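Visitor: I'd like a close look at one part of this model, the side of one chain that touches the other. Could you walk me through it and then set it in its surroundings?

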Amino acid sequence: METENRKKSTKTSKFIFVCASLVVLTFVTSKVWKSSGSGEWELELEKNGVEVFSMKSPGSSVKQYKGVMQSDYSLNHLVAGLIENSTLDNCKNNIPNCVDLQVLDEWDANLMSDTVLWKLELFPPLKPREILIRSHVNQDEVTKVVSVDIYGAPNRIPRNENTVRLSYIQNKWVYTPVAEGQTQIEFYQDMNMGGLFPDFLLNLAGADETYKFLHDQLPGLLNNDGLSSKKYDFIAEL
Amino acid sequence: MNSVKKYGKRSLYIFAILILLVGSLKWLWMMSGSGEWVLKKDEGGVQVYSLKSPGHNITQFKSVMESDMTVTQVAASLLLENHSLENCKKWIPTCVGDVVVEPYSENSQGDSILWTLELLPPVFKNREFLIRTQAAQDPDTKVVSVDITAASGKLPRNDCCLRVTQAHNRWTLTPLDSGKIRIELIQDTSMGGFFPDFLINLAGADEAHKLFKDLLPGIIGQEQYRTAELSYVDE
């Protein structure tokens, strides 16, 4: 009886020791991860003409991603894809888990920006995410390169109950004209999903998701009727 | 040897308990909050409210006051001198760098500026705020809003500093029937990296009050803002 009790007590002690060690190890690993990173772009994936790079910067828990591909889209077509695509149908058809969209500030050709609120459902028990973003378009007069900054503007309207509004989103598109009707597309992703969404999921799946977005979803967004014929006064082709 | 082992195990358990305790407190804090504005301070004509939303670590602060200044005067102070380091230092004394990324224009109603702030070196790296400032007026209500948002991707990052990625401060200037205006500022910023958010949460209400009571009148009252005109603002 005494031997059995001693055995149980030893097992319990070992179990507690292992748990405590795991807690400390997880803590130390997360701090080391956060401090790590070269701050340089590194190629993670190259497939079907799409290259995906990642960058881990010291002080950040999430990696940034950059997707690059060559395309047969003109600058006007690509900008149209951003300006004209803020519709609920497009959101639901082309963005996974999108359940709602609201245009808060319509596209303004003087300000070169618009403001849109997207709502995405996540897996339980995580609350839905609201992504309130302002897009700002800029073209370099000399090189004709178009950059579109997409950054969070979470306080544009009061927050809604039972959702988490993202406050860290700093994405960017860079369209570099290569020849007439041919453009290099770069997409930069720098965001987290806020709340208790585990950052490691973004870090694990980010490269694949960036590839899927550029290779699979983007054509669907750009091949809508009428986008290819759009011409804007504020965008000059090569 | 046995006592070293015993001491080591004890330290491990204490460390693990502390981690679990702090982790639980952080989780509870993250999940807490009413999502409503709560009055924190009401002194000298300036009210400061705080708002903690479930799912967010940072508390937002809202400062409110009424003023005899005009909407144009206040908006001008937020837009016209952003290219100047001296101006940056007036708003934020620890400002040590000011680079124009996209210059201000009446057409774009805004600009993009890179500010560098010293932040307790050598404990914390300097912070870079690459911000887009954009003004807009509601044609019906005449309310002017000025959004100051982090736009950290506009330039590649610099090794010297940590670039802030979460910042959205929003000024709302509302003309009142009395002829005065109501000035509101919502501050919602995280310093990023290892800077402890709880310091912002603890000191935010007092700092927000100081900004409105002590700093703002001196900045906005300057001659160049009293006589400024903005083509996109209709008084």
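Predicted model: local features only at pLDDT ≥ 70, side-chain atom pairs only at ≥ 80, totals over all residues.

**The contact side and what lies around it**

Guide: The C-alpha centres of domain 1 and domain 2 of chain B are 39 Å apart. Domain 1 of chain B covers residues 1-31, and domain 2 of chain B runs over 33-226. Taken along its principal axes, the C-alpha trace of chain B spans about 80 × 40 × 30 Å. You'll find 5 helices and 10 strands in chain B.

Now to the part you asked about. Here 33 residues of chain A are in contact with 36 residues of chain B. On the chain A side, at least two residues each come from helix H1 (2-35), strand E6 (129-139), strand E7 (146-152) and strand E9 (170-179). H1(A) gives the largest share of that side, with 6 residues. Sorted by type, the residues of chain A that touch chain B come out as 14 nonpolar, 12 polar and 7 charged.

What about the nonpolar packing? The largest nonpolar core counts 69 residues. Pick Val79(A) and set aside its neighbours within four places in sequence: Val79(A) is then in contact with Val137(A), Val146(A), Tyr232(A) and Ile235(A). As a rule, nonpolar side chains in soluble globular proteins tend to be buried together.

You'll find Leu199(B) in helix H4 of chain B, which takes in residues 197-220. Leu199(B) counts as exposed because it has 10 C-beta neighbours inside 10 Å, and the cut-off for exposed is 12 or fewer. Its C-alpha atom is 16 Å from that of Pro121(B), a residue 78 places away along the chain.

Step back to chain B once more for two overall figures. Of its 235 residues, 36% are buried. Among the contacts in chain B with a separation of 6 or more, 55% are between residues 24 or more positions apart.

Methods:
Residues numbered from 1 in each chain as written. Chains lettered and ligands numbered in written order. Core = buried A, V, L, I, M, F, W, Y, C linked by C-beta atoms within 7 Å. Buried ≥ 20, exposed ≤ 12 C-beta atoms within 10 Å, placed from the backbone. Contact = placed C-beta atoms within 7 Å. Helix = DSSP H or I, 4+ residues; strand = E, 2+ residues; numbered from the N terminus. Nonpolar A, V, L, I, M, F, W, Y, C, P; charged D, E, K, R; others polar. Domains from an automatic or database assignment.
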